[in-house]
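Here is a short walk through one part of a protein model. Have a look at the picture and the sequence, then read on.

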Amino acid sequence: MLVNEENSIDPRRGLIPEDLMQFRWLDELAISPDGLKVAYTIRRPEVQSNGYETHLYLRVLDTPDAQRLTLNSCQVSSIAWNRDSTQLAFSHRDNEGTSVRVYSLNENTEKIY
């Protein structure tokens, strides 16, 4: 029980199942070899599939904003940089299947294998 300043009981509710659907958490993190960028995945519950959705983000460390690299409902894992920090590879799964994707930072393009 919580007590507020007037010594009365605080009517705050506890955690309910709907709250769990709002959770987001960092799943994977990969710092680029040059130390200037970070790629990471954010996982969240997904109601329709009764599973999880995971998206890939990229942030250049001297900028305040991150860029989301994936769209729609998908799951991303196994993120890895190439040696010169210009490409980012990852496993991608969505309703169309599973693939390995390579995102080129210089060209802002993605190749699908």
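Leaving aside its neighbours within four places in sequence, which residues is Thr 86 in contact with? They are Tyr 103, Ser 104, Leu 105 and Asn 106, where contact means heavy atoms within 4.5 Å.

A quick word on the ground rules: this is a predicted model, so local features need pLDDT of at least 70 and side-chain atom pairs count only at pLDDT 80 or more, while totals for chains, interfaces and linings use all residues. Residues are numbered from 1 along each chain as its sequence is written, and side-chain values use heavy atoms, with hydrogens and water left out.

Back to Thr 86: you'll find it in the loop between β5 (75-81) and β6 (87-94). Strands are DSSP runs (E, at least two residues), numbered from the N terminus. Thr 86 is buried, with a relative accessible area of 18%; buried means under 20% relative accessible area (1.4 Å probe, protein chains only).

Now for a sheet. Four strands make an open one in the order β1-β2-β3-β4, with antiparallel pairing. β1 (25-31) and β4 (67-68) stand at the edges with a single partner strand each, so one side of each has no neighbour in the sheet. Two strands pair if DSSP finds at least two bridges between them.

| Strand pair | Bridges | Sense |
|---|---|---|
| β1 and β2 (residues 37-46) | six bridges | antiparallel |
| β3 (residues 51-60) and β4 | two bridges | antiparallel |

Zooming in, Trp 25 stands opposite Arg 43 in β2, and Tyr 57 has Arg 68 in β4 as its bridge partner. β1 and β2 form a hairpin with five residues between them. In that turn, Gly 35 has a positive phi of about 75°.

Technical notes. Buried means under 20% relative accessible area, exposed over 50%, partly exposed in between (1.4 Å probe, protein chains only).
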